[in-house]
Every structure is written in C-alpha cells, then in structure tokens.
Amino acid sequence: MVADHILSITIFFPFVGVLILLFTDKERGQLIKLVGFLTTLATFVISLYLYFEFEPTMPGFQFLYQAEWIQGLNIRYSLGIDGMALLLILLTTFLTPVALLGTWNSIKERLKEYTIMILLLEVGMVGVFAALDLFLFYIFWEAMLIPMYFIIGIWGGPERVYAAIKFFLFTLLGSLLMLVAIIALGYVVSTMPGGVFTTSFLDLQAMAPKLPAAVQGWMFAAFALSFAIKVPVFPFHTWLPDAHVQAPTAGSVILAGVLLKMGTYGFIRFCLPLFPQASINFMPYLSILAVIGIVYGALVSMVQTDIKKLVAYSSVSHLGFVVLGIFSFTEEGMQGAIIQMINHGLSTGALFLLVGMIYDRAHTRQITDFGGVAKVMPVYATLFLIVSLSSLGLPGLNGFVGEFLILIGAFKSQFLASPVYSAFAATGVIFAAVYLLWMYQRVMLGPMREGGLYHGVRLTDSNLRENLSLAAVVVFIVWIGVYPATFLGKSALVSKHLVQKMEDIRRGANVRGIIGSTIQ
Amino acid sequence: MSPFPFTPLIVLFPLLGFGVLGLMGWRFKANEKLIGIIGSGSVGLSFVFSTVIFIHMLGLDVAERKAVVELFPWISTFSGTAATLSVSVAYQIDQLSILMALIVTGVGFLIHVYSIGYMHGDPGFWRFFAYLNLFIFAMLNLVLADNFLLMFLGWEGVGLCSYLLIGFWYDRKFDVGGYPPGKATTSDAAKKAFIVNRVGDVGFLLGMFLIFTTFGSLNFETVFSRAAVLTIDSATMTWLTLLLFLGATGKSAQIPLHIWLPDAMAGPTPVSALIHAATMVTAGVYMVARCSVLFAMAPAALAVVAAVGAFTALMAASIGLVQNDIKKVLAYSTVSQLGYMFLAMGVAAFAAGMFHVLTHAFFKALLFLGSGAVIHAMHDEQDIQKMGGLKEHLPTTYKTFLIGAIAIAGIPPFAGFFSKDEILWKTFSGDYGSVGLWFVGLFGAGLTAFYMFRLVYLTFDGEPRYGHDKHPHEAPKTMTVPLIILAFLSVVGGFVGIPESLSGGNAIEHWLEPVFAPAILKLRITPHAVVALEYVLMALSVGVALAGIWTARKIYVYREEVWRSMTDRLTGLYRLLWNKYYVDEAYDAVVVRPTVKVSESFLWKVFDVSGIDGVVNGTATLVARVADGLRKIQTGVAQMYAVVFVAGIVMILLWIVFR
C-alpha cells in the first residue's frame with residue numbers, strides 16, 4: 001500500500017507546505033521560513049523510506065505505480081525508480097532543506113512567494129527523476145523550469161532579468177525539441193509491426209532500439225541537444241555563468257546541485273537505452289566535447305574575478321567528467337558518472353552556500369576584495385577548505401571516487417579506444433587544484449585586511465545554523481569518500497545492465513564486421 | 001589469520017590524534033602539555049607497535065614475513081567480468097613497508113617531541129599538532145597500503161598536509177621562486193608545492209590506469225605476481241613506469257618538478273625536517289622500490305631514472321654551494337640526496353637506495369632540527385652571513401650538527417658513508433650502472449662535503465656577524481634530546497649496511513632481498529665478488545669528501561675576504577647558481593603566464609563572452625531586428641495594404657500566364 005504510493009507522496013508532499021503557506025500571513029517571516037524548511041525536511045524523511053526499502057539486487061524499476069491519464073494517446077501517469085533515480089531523488093530532498101537552512105536570512109522580500117517557488121521546484125525535480133512516462137517526464141521538466149525562472153528573475157542579482165530569460169530560452173529551446181522528439185518517437189513506434197502510439201518508457205525501451213539507425217540518430221540528436229544544454233555540455237554552457245551569478249544562493253545551490261543533473265540523468269535514462277546504436281555513433285563527438293569542457297571550464301574558471309562565477313565555470317568542468325564517464329560505456333565510467341552527479345551536487349552546492357554566506361556579510365564576491373579571511377572566520381575557512389578539497393578530488397573525500405572511476409573507465413574503454421581522452425581529462429585534475437587553491441589563497445590566506453574590514457564590513461564567523469547546514473553536507477562528503485559502497489551499491493545494477501547492452505551491440509557490430517569482411 | 005593482526009592500529013593512532021586535536025583541540029588550546037602528549041603519544045604508540053611487529057618478524061621465516069590485513073572494501077565495481085576493479089582499505093606488512101613504517105613513526109616521534117619546544121607559544125599550537133598527526137596518518141597509508149589506490153590516497157594526503165604546513169604561517173612574507181621579490185607569502189609556497197605535486201600525481205594516476213588495463217588489478221600482490229610471469233611489450237612497460245616515475249619526480253622533488261621543495265622551507269622547521277627531508281619526499285623512492293619488478297621490465301625507464309637522479313644530485317648540489325639561507329642549503333641538499341637515491345634505483349641497486357633513505361632520514365632530520373635550534377636562538381634569522389661563532393652559545397646543537405654534517409659528507413664510519421658508498425659502488429660496477437654516472441655521483445659527493453661544511457663554518461665558526469640585540473641561547477631539552485638521539489643514529493645507523501668487503505653482513509640488503517628478488521631475477525643480475533677496485537673507489541670517495549671539507553675550511557674559516565668578494569660580485573657561474581639556473585623564471589614565462597593570459601584574454605573574454613555568447617545574443621538581436629523590420633510593414637494604412645494586395649494578385653496572374 002505505502003510502497004505503491006510512496007513515490008507520489010514524495011513528489012507531491014511539498015504541496016502540503018504550499019497549502020499551509022497560502023493561508024499564512026506574509027508578514028510572518030519566521031513562520032514562513034519554518035514551514036518551508038520543515039516541509040522540505042519532512043520530504044527528505046519520507047524519501048528515506050525509499051532508501052531503506054529499495055532492493056539493490058533487483059533489476060529494473062521499483063515502487064512502480066501506474067494510472068490511466070490520457071487514454072486516447074496511451075499516456076499514463078507512471079512512476080518508478082531504479083538505483084540511479086533513487087540516489088538523485090535523495091540528493092534533491094537532501095539539498096533542498098540544506099539550501100533553505102543555509103540561506104535562512106538571505107531573502108528579505110516576498111518571502112512567501114519565494115518559499116512557495118522553492119517548494120514547487122522540489123515537486124518538479126523529484127517528479128523528473130521518478131517519471132517513467134516520457135510525456136509525464138516532460139511535464140515535470142517544464143514545471144520545474146517555471147519556478148526556477150521566477151527565482152532567478154525576481155530574487156536574483158542586478159542582471160537577473162537578462163539571466164532569467166536567457167536561462168529560460170536556452171532550456172525551452174532544448175525542451176521543445178525534446179517534446180517534438182517524444183511525439184515523433186511515439187508515432188514512429190506505432191508504425192512498427194504490432195506497435196501503438198505510446199510514451200511509456202518501459203514499452204519504448206523494448207521497441208525503440210529496433211528502430212533503423214537513421215531514425216535513431218535524429219531522435220537521439222533531439223534528446224541529446226536538450227540534455228546537453230541542461231548539463232551544460234560545451235559549447236552550450238553560456239547560460240550557466242549568468243544564471244548562477246544572478247540567482248539567489250538557494251537557487252544556485254539547487255540549480256547546480258540538482259538541475260544540471262537532469263541533463264546527465266536524461267542521457268543515461270533515455271538516450272542510451274532507447275537509442276543505443278545512435279549513442280555509440282555519437283559517442284566520439286560527445287566525448288570530445290566533454291573533454292574540451294573539462295579543460296576549458298577549468299581554465300576559464302581559473303581566471304574569474306568573481307568567486308561565484310568561478311564556481312559556476314567549475315561546474316562546466318565537473319559535468320564534463322560526468323559526460324565522459326557516461327560515454328565511456330564501461331561499468332567504471334558509468335558508476336563514476338552516477339556517483340559524480342551526487343558528488344557535484346554536494347560539493348558545488350556547498351560551495352555556493354559558502355559563497356552566499358560571505359556575500360551576505362560583505363556584499364561583494366570579488367576575489368580582490370578579500371584576503372586573510374581565515375583570520376577572522378576560522379571555522380568558515382576550515383569548512384571552505386574541506387569543500388574545496390572535495391571539489392578538487394582529494395582522495396578520501398567524495399570527488400575523488402567519481403573522478404577516479406570516470407577516468408579509469410575512459411582509459412580502458414573499448415569504445416573510446418584511446419587513453420588520450422582520459423589523459424587530457426586528467427589534466428583537469430591539475431587545473432582544479434589551481435583554480436580552487438588559488439582562489440582559496442587569495443580569499444582566505446595572506447595577511448588580514450586592515451582592521452579586519454572587508455568592503456567596509458567587519459566579518460563575523462559562520463554561525464551555528466550555517467555550520468549545521470554545511471556540516472550536513474560534509475558528513476556525506478567524507479562518507480562517500482571513505483565508504484562509497486553504500487551509494488555505489490545502489491546504482492551497480494543500472495550501470496551493469498546498461499553497459500552490457502552497449503557491449504552487446506559493439507560485439508554484434510564486430511561480429512557482423514568480421515563476417516562482412518570474410519565474405520568479401 | 002594474519003600474523004600481524006595489529007597492523008591497522010599503527011595507522012589508527014595518528015588518525016585518532018588528528019581527530020581529537022582537530023575537532024576539540026581549540027577547546028584546550030592553552031594546554032600545550034596535553035596537546036603535546038596527545039600529538040606525540042599517538043605517533044609514539046604507532047612506533048611501539050611497528051617495533052613489536054618488526055621484532056616479531058625477525059623471529060619468523062623469510063616466507064612468513066609478509067601479510068595483509070584487510071579492513072573494508074573501498075572502491076569496487078561489481079560485475080563478474082575479468083577486469084573488475086576491486087580495491088580495499090588494506091594494509092600490508094613486509095620487509096620494505098615495515099622499514100618505512102619504522103622510519104616514519106620513529107623519526108616522526110622525535111620530531112613531534114622536538115616541536116613541543118619549537119612551537120611553544122604559537123597560537124596555532126593545537127592546529128600544528130593536528131596537521132602533523134594527519135600527516136603521519138597519510139604517510140603510513142602511503143607506505144603500508146597493499147594497493148596502488150590506497151597508496152595514492154596517502155600520496156595525495158601527504159601532499160595536502162605539506163600544503164597545510166608549508167602555509168602554516170599563511171600571513172607571513174616569504175620569497176618564493178617565480179614571484180617578484182617581497183610579493184609572496186608562505187601561502188604562495190604552499191600552493192606551489194601542491195600544484196607542482198599534482199602535475200606529478202596525474203602521472204601516477206595515468207600510470208595506475210595503465211597498470212589496471214595491463215594487469216587487471218591495482219593490488220600489489222596481484223600486479224607484481226602477474227608481472228613476474230607475464231611478458232609484456234616493452235613500450236607499454238616503459239610508458240607505465242615513466243608515468244609512475246613522473247609521480248615520483250613530483251613528490252621527491254626531482255628534475256623537472258624539483259622547484260617546489262626549496263620554497264617549501266616556508267613552513268616551520270620541524271615540518272621541513274619531517275616532511276621535506278626525512279619522510280614524505282622519500283615517497284617517490286619508496287614507490288619505485290615497491291614497483292621494482294615493473295621497472296625491471298623496462299630497462300629504458302631505469303636508465304631515465306638513473307640519469308634524472310644523477311643529474312638532479314649534481315644540479316641541486318651546485319645550487320647549494322652558494323645559498324645563504326640555512327634552510328635553503330639543506331633543502332637543496334635534500335634534493336641532491338634524493339637524486340642519489342634515484343640513481344641507486346636506476347642502476348637497480350634497490351636495497352642500496354632504501355639504505356640511503358634510512359640513513360638520510362637520520363642525518364637530514366638531525367640537520368634540519370639543528371638548523372631549527374639555530375633559527376630559534378637567532379630569533380628567526382636564517383641568513384648564515386649574519387651568523388658565525390655560534391658554537392660557543394649552542395654547544396649541543398653544534399656538536400650534533402657537526403655529526404650530521406660529517407655523516408652526509410660521507411666520512412667513515414658515520415651513517416652516510418656506507419649508504420652513499422654502496423650507491424656509488426653499485427653505480428660503477430653494476431650491470432645497469434656506468435662510469436659516467438659514477439663520476440657524476442662522485443663529483444656531487446665532493447660538492448656535498450663542501451657546501452655542508454661551508455654551512456657549518458659560516459654558522460658556528462669564526463667571529464659573530466650578528467648584532468648585539470641578539471643573545472643566542474641553547475634550546476630547551478625537548479629540542480636537544482631529539483637532536484642527541486638523531487646524532488647517535490647518524491653515527492651508528494650505517495652499521496646495518498656494512499658491505500661484505502668490509503667484512504660486514506650488509507644486513508639491510510639481506511633483509512630486503514625477498515622484496516627485490518623478482519626484479520633482480522628479471523634483470524638477470526648476478527652478485528659480484530669482492531674486488532680490490534672496491535677499496536680503491538672507497539678511498540677515492542673518502543678523499544673527495546675530505547677535499548671538499550678542506551676547501552670549505554680554507555675559504556670560510558681563514559679567508560673571509562674571498563667569500564665576501566664572491567658573494568658581493570655575483571658574476572657568471574655564481575650568478576647562475578644563485579638564481580638556481582633560472583628554472584622558476586623559465587616555468588613562469590613558458591607555462592604559468594601564457595596559460596593564465598590565454599585563459600583570461602582569449603578563452604574567457606573573447607571566445608566565451610564574445611564568441612559563443614556573442615552568437616547567442618546575436619541570434620536574439622537578429623530576431624529582434626527582423627521582427628522590428630516586419631513590424632514596420634504593418635503600418636495600419638489601408639491604402640497601402642490594398643496596393644500590396646493588388647500587386648500580389650498581379651504577380652500571381654503573371655506567373656499563371658507565363659509559366
């Protein structure tokens with residue numbers, strides 16, 4: 001009974017908070033914040049049920065639920081998760097309360113609307129990861145876009161409108177293509193022998209791989225473009241620095257932490273299983289773009305003058321790793337990609353929180369405005385260091401596990417068939433140390449500013465609430481770094497089956513190739 | 001059941017120390033005694049356990065001296081296929097790892113005790129000990145790991161601690177190579193160390209990947225046993241070992257990645273002694289020794305290792321001749337001595353190289369701690385030109401420092417003589433050595449003796465050259481007792497490796513024999529009989545060392561005007577050495593500045609903002625323009641619409657008629 005509806009409950013629970021907020025006086029700021037925080041916290045607790053009841057040794061989807069929706073078109077309200085979706089849902093439900101707690105006093109205007117937007121956003125995000133019907137997926141995907149647009153556009157920085165529209169248009173362009181592709185896919189499948197129009201992922205998964213290569217190619221391209229913009233894969237990334245820098249802190253945390261993952265999630269969930277042959281055909285291009293993104297993002301990140309922009313560009317580099325891992329089509333790479341999605345959500349989310357905390361105090365994010373902050377904010381500086389080290393992939397912390405698996409996967413991949421990808425990507429590890437430590441040095445180390453004044457403000461160390469929100473993240477940073485099996489175990493089967501599928505196709509192609517050449 | 005079930009405890013104690021001090025140290029930060037006891041005690045316990053295991057090993061058969069204790073799986077993929085990644089947190093005891101563990105915990109313990117005195121009164125006292133404990137933890141992971149990945153954890157972990165400790169006084173000014181004078185702080189040195197190390201680490205990482213694809217595992221036992229029986233094409237093995245060696249050059253400050261170590265002297269002196277002399281920097285040597293069988297499959301790589309080692313030894317020694325900062329001289333000396341160790345590895349004298357790791361840990365830790373006592377006495381003065389005559393005021397420091405200097409110069413029967421001579425002899429006589437390399441080594445030995453005694457004489461001999469405001473005084477007991485112990489070890493430490501030719505048993509070589517046997521077998525090395533030539537060479541290297549000492553004495557004790565004029569004029573070779581061959585400047589001009597410049601002026605501001613985003617915004621502007629144009633058509637003037645309407649009809653009719 002509970003198992004049937006648990007996904008729906010997790011997705012829609014934030015509505016409870018929305019409902020309460022609708023009847024709350026907008027002047028009562030503390031109450032509004034409390035309702036928002038407690039609702040998201042409760043959602044997290046609910047989602048823990050998924051964690052404990054999930055059976056990692058069972059292949060396929062769990063907590064399945066289906067209801068008729070648009071009968072004529074065979075579109076259903078269909079939910080279910082596998083190990084990857086489980087991890088991403090937990091990341092979402094975890095990061096949302098953390099973001100709210102960490103930015104408790106950052107929002108001063110229209111607090112009620114803001115909190116409602118965050119709650120609506122959470123509904124969309126969890127829905128995206130749980131949807132097993134492409135149409136439903138699309139609905140959630142778009143539904144999530146709208147609150148994000150408002151969060152950037154209303155509560156953002158000085159350039160917020162430009163950034164919000166840019167974010168919206170970029171994503172919309174991609175998602176409209178995806179909508180067309182979803183409809184086209186349903187139609188093409190219906191023309192196959194015994195086929196009907198459907199948007200059910202499980203049905204499509206059985207049919208779509210049989211599509212001719214050319215059709216697969218077009219479908220893949222439409223989906224891939226949409227996801228690539230979201231990730232963002234170089235060169236579709238320019239919306240990201242603007243959106244991140246302008247968004248309020250909690251928006252940045254969620255944007256970096258969860259929204260970017262929808263792109264990479266989309267690749268793994270839809271592109272690879274539905275269009276395996278096309279995925280292999282497109283593999284070289286995406287891998288090259290991924291490697292370019294890794295190096296390019298790191299280099300551009302290195303020379304930023306705004307801390308937040310630096311973190312934003314570093315996302316381009318980190319997500320490049322994830323894409324490279326996916327398209328290595330190895331178990332190591334796939335597992336690495338999945339865990340790296342979680343890692344990036346934690347580390348970069350925490351980095352944005354940290355940047356927000358210092359911005360709330362000094363009202364500047366220019367690196368040159370700081371220096372020697374460690375002297376005035378020792379606890380903050382320590383947490384900043386731990387998170388930075390996690391982000392630059394220090395062994396023993398989470399980032400290393402993902403990067404290592406991805407790089408070793410790319411190195412041995414029979415598909416990429418060259419260690420060059422991995423070698424170039426590995427230089428990203430050096431540059432990550434450069435941009436993070438250089439920034440850390442210029443902000444935190446060196447002599448303290450005269451009188452401890454920064455931008456005319458005497459800084460105070462992070463308070464208990466802020467430390468709690470960061471400590472929650474640090475726990476997972478260390479946990480994943482030391483004992484990643486807890487999390488890798490959940491997604492192991494997903495990776496294994498997917499890679500098996502790609503491997504079968506490659507072997508099949510090889511066999512055909514050999515036969516072909518012997519006949520000639 | 002492993003014969004050494006308590007192995008993980010060795011690693012655990014320092015971690016506990018770090019946890020207690022790191023999380024709660026600030027609560028009792030005024031209680032230096034308690035902090036000192038926790039910090040030193042945790043390492044002391046590790047030393048005790050290491051010693052117990054070592055003694056236990058002595059009583060066992062050679063075949064039983066190796067065991068692994070597995071704690072828990074770390075990074076694994078779960079498929080059933082052959083090349084599955086499966087790495088555990090597991091610690092291995094064997095002859096090599098216990099040797100390293102003893103050095104790390106033993107010398108580490110002494111330096112912890114010394115730090116109690118040295119860091120007295122520092123507001124970051126608790127933080128310092130927390131970092132030191134973390135370092136010992138990481139270093140023990142490095143040497144006790146039973147697989148490459150856990151070793152890499154330790155490898156980067158010690159790099160982190162090095163970063164934290166070099167920049168311990170992160171607001172102090174410090175001249176760093178590659179930065180304009182007076183502009184850099186210790187945090188620049190720290191960052192430089194970490195990043196240069198990362199370059200090497202990527203080599204290590206890629207080498208590790210190649211090991212995984214070649215041998216299907218990252219576990220030492222599996223990899224090495226497969227390597228012993230497999231034949232693998234030499235190109236793969238050369239790549240593999242050279243990548244690993246790139247990692248080693250980073251950690252052990254060899255050319256071309258040696259530039260960070262002299263700047264690492266920005267850290268407190270106990271850090272220089274522990275991390276940048278006795279233990280961490282020898283990690284690269286240990287790694288090559290651990291992978292000896294892999295290197296044995298790539299003789300070309302061995303030749304590179306030997307050449308890099310010899311060349312580094314000579315280059316660093318030559319720079320050491322002219323430096324005036326007491327710690328910088330020792331730093332270049334360390335780079336140079338590490339070069340000797342790599343020379344040994346390169347000529348397949350693995351045991352001799354490890355022997356030098358051991359003796360070097362004693363005398364170099366001693367010298368650094370001695371320099372710390374001097375700096376302490378001189379109120380943070382490090383320029384030896386402003387010292388002189390200190391032997392009167394610091395008798396214990398002087399005597400122990402002198403012992404260290406004699407040891408490193410290679411005068412028998414002090415520790416350095418045996419290990420260095422072993423290396424030189426193996427270089428000369430070994431199947432993979434050469435006379436040329438031997439000569440470089442010998443020449444470097446002469447330089448070593450010279451710069452060491454230059455240091456001794458300028459610091460301790462002659463007239464005082466410092467102002468009357470300074471009143472040098474001997475260091476407290478917590479500092480002098482470690483000095484005395486290390487001095488004792490620097491005298492007798494070499495006795496574990498007295499060669500057969502001097503009727504010694506060369507105990508350390510025999511002890512390590514099982515570890516290096518597969519490599520020696522691969523390389524088809526046969527033991528040499530003792531020949532008369534060995535005595536000749538031995539006499540020669542002692543002669544060279546004595547000549548170096550004699551020259552230094554001549555110049556720096558009796559002829560002040562000579563060295564004064566050399567330092568003042570800074571011409572030709574002297575200037576080249578003084579500026580460390582301009583390597584920092586070259587890297588800065590060729591690598592650092594162009595990368596930043598291109599990233600900033602081109603990639604970001606042109607390519608990203610104007611290029612990609614320009615296209616994006618350009619599209620938007622284009623759409624807006626077109627829409628703007630189209631808008632103008634819609635004038636609302638009905639007559640105009642009628643005209644267009646008629647024109648359209650006419651055109652359609654024309655088309656129908658004439659098509």
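Start by selecting B:Ala283, B:Gly284, B:Val285, B:Tyr286, B:Met287, B:Val288, B:Ala289 and B:Arg290: these residues of H11(B) are buried, meaning that 20 or more other C-beta atoms, placed from the backbone, lie within 10 Å of their own. That is eight of the eight residues of the helix, so H11(B) is largely enclosed by the rest of the structure. Helices here are DSSP runs (H or I, at least four residues) and strands likewise (E, at least two), numbered from the N terminus.

A note before moving on: this is a predicted model, where local features need pLDDT of at least 70, side-chain atom pairs count only at pLDDT 80 or more, and totals for chains, interfaces and linings use all residues. Residues are numbered from 1 along each chain as its sequence is written, while chains are lettered from A and ligands numbered from 1 in the order in which they are written.

Next, pick residues 378-391 (H16) and 420-444 (H18) of chain A, whose axes (lines fitted to C-alpha atoms over the stretch in contact) come within 10 Å and cross at roughly 170 degrees. That makes H16(A) roughly antiparallel to H18(A) (the cut-off is over 145 degrees, on a scale from 0 to 180 between N-to-C directions). Show A:Phe384 and A:Leu385, among the H16(A) residues that meet H18(A), along with A:Leu436 and A:Tyr440, among their H18(A) counterparts.

Last stop, the chain interface: 38 residues of chain B are in contact (C-beta atoms, placed from the backbone, within 7 Å) with 43 of chain A. On the chain B side, H6(B) gives the largest share, 12 residues.

Notes:
Two residues are in contact if their C-beta atoms, placed from the backbone, lie within 7 Å. Angles under 35 degrees count as roughly parallel, over 145 as roughly antiparallel, 65 to 115 as roughly perpendicular and the rest as oblique. A residue is buried if 20 or more other C-beta atoms lie within 10 Å of its own, exposed if 12 or fewer, and partly exposed in between; C-beta atoms are placed from the backbone.
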